[in-house]
Amino acid sequence: MHGVPKISVENVAKANSTAAQIMETIMNAEPLTGEGDPQPDDLDLMGDEEFMLTAVPDAATIAAYRIGVMLVAANISLPVFVLGGQLGAGMGIWQTAVASAWGGLILAVLAGVCGYVGARSRLTTYVLINTAFGRRAGEVVNFVLSVSTIGWFAVIVILFAKTMIQILGQGTGGAMLMTCAVAGAAIMVLTTLAGFKRINTYSNITLPLKMLLLAWTVYAAIHRHAMSLPLSPPKAQTIDQTTAISFIVGAWIVGAVTAPDLSRFARRPMAGAFASSVGLGVGYPLILVAASIPAALTGNTDMIETMLGLGLGIAALAIILLSAWTNGTINLYSGTLVLSAVFRRSRFIHLTIAGGTVGLIAAVTGLADQILPYLELLSITIPPIAGVYLSRYFLDLHPRSIPPLPVDWNVNAIVSSTLGIAFAGLADRFNFSLSGISAIDSLVMSSLIYLLYELIRVGLWLPADA
């Protein structure tokens, strides 16, 4: 990213050493899961803050619409603006709306199913993963996932810092960038430590302001450049429908499969499913279309430049600042949850500070730039994990009850997810796809393989009296 201090061997080594020391301290002080780990009753006595390892009790649930609002608020962000701008400039407003509708439908179904599982089980995504993959395998999978959430937190911290510098008008000096990054990370850590309900309240309060600023941008673009919307595609169309839908789904599929992290606080399963579906299946497409309008009118895909060019000034930067704050907090909260599934005896405050510190180090040393290709890879590798944990959960609801495997390493889960990833990779290599979207292909394939093996293992094809 422009303005980020250059990476040096010394910086990377220092960052790796510091991050390793932080994680080693946690691991030494709070051992990983073992035979002597506390049972659920013991965890309650220890104080399972934010219900990281236990089911959310009825007293802690909230109205499901507030979860939907939280998801919509998370979508009003620079990455979504960038995607919407690229789609608007590359294929026009109408085709962007069509692609967004199809992408939203796919995400609505997936997020709805995952949201239902979260609201019914009241468990985090990462506890569900441990159940499906086995204790040790689940810890490995969750540790890999922690790189995704903390990695995105690091990317957002730098975005926050750059926006602060633009608002303050202090140039792009390394010291100023460092100061703003530390301030941004500290604000996000403190917001995360306030807990889910306060994060939700913050999202609900800031959403109207962010929507107003986005609407203002769209209105200013239309008023300045045209009296009517140019719905037809540009003469030099650069993005086709299939590619657009793949981009749209890929950008939020990780959020869809981790929907249980939020939906577990819903009072009823169907309400949690509905809130998740609407947040990603309706809110996300509408924001994409809104972001595509200024780009289609001006030909500029950079939303910040467009806002500044329309004379929005500080208001334009304010929406980016608020969006970065919301997104960074939600990513750090998810990162804390995933770390809790690995470091099971660590407290919420310790995991949040550790995750925030590692993310800050990655941000200020430039490691966040290097992590982006890894994050793109995870958009294909995470869906198969969802295919396995969803299959495991619904099998456990079967009347004949699939007996769980009391092992640390569930080979079927590992093989199924690996084959799902391999299928998507090979399909992309040879230009073959079941759905046109690699993430969906990998999820469906891993789920089918897992289900087939489990059905064979317990003989569920036999009559009930066999």
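Helices (H or I, at least four residues) and strands (E, at least two) are DSSP runs, numbered from the N terminus. The model is predicted: local features need pLDDT of at least 70, side-chain atom pairs count only at pLDDT 80 or more, and totals for chains, interfaces and linings use all residues. Residue numbers start from 1 along each chain as its sequence is written, and side-chain values use heavy atoms, with hydrogens and water left out.

Ser442 lies in helix H17 (residues 438–458). Its relative accessibility is 0%, so Ser442 counts as buried (under 20% relative accessible area, with exposed over 50% and partly exposed in between; 1.4 Å probe, protein chains only). Apart from neighbours within four places in sequence, Ser442 is in contact (heavy atoms within 4.5 Å) with Ile380, Pro383, Pro384, Gly420, Ile421 and Ala424.

Elsewhere, helix H7 (residues 174–193) packs with helix H13 (residues 314–340) at an angle of about 60°, their axes being 9 Å apart. H7 is therefore oblique to H13; angles under 35 degrees count as roughly parallel, over 145 as roughly antiparallel, 65 to 115 as roughly perpendicular and the rest as oblique. From H7, Ile187, Met188, Val189, Thr191 and Thr192 meet Ala324, Trp325, Gly328, Thr329, Leu332, Tyr333 and Thr336 of H13. This contact of H7 with H13 has 7 nonpolar, 5 polar and no charged residues, where Ala, Val, Leu, Ile, Met, Phe, Trp, Tyr, Cys and Pro count as nonpolar, Asp, Glu, Lys and Arg as charged, and the others, Gly among them, as polar.

The loop between H13 and helix H14 (348–364) holds Val342. Val342 counts as buried because its relative accessibility is 5%. Between Val342 and Arg136 there are 8.8 Å in space, C-alpha to C-alpha, although the two are 206 residues apart in sequence.

Conventions: Axes are lines fitted to C-alpha atoms, for helices over the stretch in contact, and angles run from 0 to 180 degrees between N-to-C directions.
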